[in-house]
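Trainee: I have some questions about the labels used for this structure. Can we go through them one by one?
Mentor: Go ahead.

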Amino acid sequence: MEPSSDAVRSLLTSLFPSGLIEDLAHEREVVQRDRKIDVRMLIWTLVLGFAADGEARSIAGYRRSYELATNQSVAASSFYDRFSDQLADLLRDLLDHAVEEVAVPHHVAPAFQRFRDVMVADATVFRLHRLLSEFEATHDDQSGAMLYLVHNITDQSVISTEITDERVHESTLFKTGSWLRGRLFLFDQGFFKYRRFALIDENDGFFVSRLKPDANPVITAELREWRGRAIPLEGKQIHDVVGDLSRQYIDVEVEAEFKRGPYNGTQSLDTKTFRVVGVCNEDADDYHLYITNLPREEFRPDEIGLLYRARWEVELLFRELKSQYELTSFETGKAHIVRIQILAALLTLVVSRAILRTVCDHTDQPVAGVPKERWAATFRSAAQLILHELAAVYSYPPPDLEAFLTQEALNQPASRQTLIREVSNGLSGGLTA
């Protein structure tokens, strides 16, 4: 059974209820006394307007989307004034609400049911106006915002986000603690740290990471026996022997030395036993090496390599943000507007994924089976229609297209003359002289 328009409207109004938006807006002092702008429709205009094609991404474009949806005229200056640090804080509050309340588990494969969730932590950088000093870059005369997130690939949700400047190392944003329990984390080499792996293990979590080329732990035991004159590995360092091997898989136990966190001003040395597996890459005549704490009894080396491929999901998410939602074009020199745009993009993802889950639930299709970028293109096409559906829920009348088009065509600043008007005025002035 296909979902109805009522189901979509009900989903979105329960996702971010009117009372929640209004209460948070009061707390953040986004709502002004004159109440000329409906903060509920402002938020939905940002979220759904961000998904829409074309120039709706500009503040002027957002204003036109808002006016068309609400059938109300708003002064450009009044609308622009709402784009403030307080509005960015409100969007962050709504995103935090979504992180805590919205996600519904949708396991992508039976093998993943072994874990509470399968997570990927990663970051991407957006190039900004070079004079935006609030977002320092790694190169002079540039600026860049970094979006760090933890992506839950089992239910296609984003559970943690940070917006910082480019100079912050993304791995410092990953927090350890009891929330790691039962979850599997897939890391690229940017997050490689023995102490981090030890803390995940000690909090009853799981991890798989690519082994860094400069990490060379000592092999303490082989977890698989080989017939014939196999090269003995015990007591050797992994990178010292891997080039001499020709077996299809490597499966060994290693001991890694690392420093614990500082305590009373000192850092103590410690060791931890991990598992390193290697999967032969025949095309390059080498091995893909992974370090993990997944037990040998449950996961073969080839299965660990296959699990790690799921990390690419976060790269697809970043590509969706940058290609489908065009989160690469920042034509502003104001830091709070950059934050508003990035947070609006993340809320757009939340709404998009929530609608996708509803569609899949009504058709008994797995969420994981839907190509996300194709879905994003579909969602973008419908975003403006969804905004008008929500306006109807809030009792706004259908748009008066004639009045809207007339206002936009005729109500232009005197300073913005058309080319033909400039030429005409110039000629008139010359003839008069």
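Trainee: Where is the place of serine 209?
Mentor: This is a predicted model. In it, serine 209 lies in strand 5.

Trainee: Why is serine 209 called buried?
Mentor: Its relative accessible area is 0%. Buried means under 20%, so serine 209 qualifies.

Trainee: Which residues does serine 209 touch, leaving out those up to four places away in sequence?
Mentor: Phe187, Asp188, Phe192, Phe197, Leu289, Tyr290, Ile291 and Tyr308.

Trainee: Tyr308 belongs to helix 9. Which residues of helix 9 are buried?
Mentor: Pro301, Ile304, Gly305, Leu307 and Tyr308.

Trainee: What puts them on the same side of helix 9?
Mentor: The arc. They cover only 160° around the axis, so they share one side of helix 9.

Trainee: What does the face turned away from that buried side carry?
Mentor: Leu306 and Arg309, which are exposed. Exposed means over 50% relative accessible area.

Trainee: And what covers the buried residues of helix 9?
Mentor: The cover includes strands 4, 5, 7, 8 and 9.

Trainee: Now helix 11 and helix 12. At what angle do they pack?
Mentor: About 100°, with their axes 10 Å apart.

Trainee: Which residues of helix 12 make the contact?
Mentor: Lys372, Trp375, Phe379 and Ile386. Helix 11 brings residues including Val351, Arg353 and Leu356. By class, the contact has seven nonpolar, two polar and two charged residues.

Key. Residues are numbered from 1 along each chain as its sequence is written. This is a predicted model: local features need pLDDT of at least 70, side-chain atom pairs count only at pLDDT 80 or more; totals for chains, interfaces and linings use all residues. Side-chain values use heavy atoms; hydrogens and water are left out. Axes are lines fitted to C-alpha atoms, for helices over the stretch in contact, and angles run from 0 to 180 degrees between N-to-C directions. Helices (H or I, at least four residues) and strands (E, at least two) are DSSP runs, numbered from the N terminus. Contact means heavy atoms within 4.5 Å. Ala, Val, Leu, Ile, Met, Phe, Trp, Tyr, Cys and Pro count as nonpolar, Asp, Glu, Lys and Arg as charged, and the others, Gly among them, as polar. Buried means under 20% relative accessible area, exposed over 50%, partly exposed in between (1.4 Å probe, protein chains only). The arc is that of the directions from the helix axis to the C-beta atoms.
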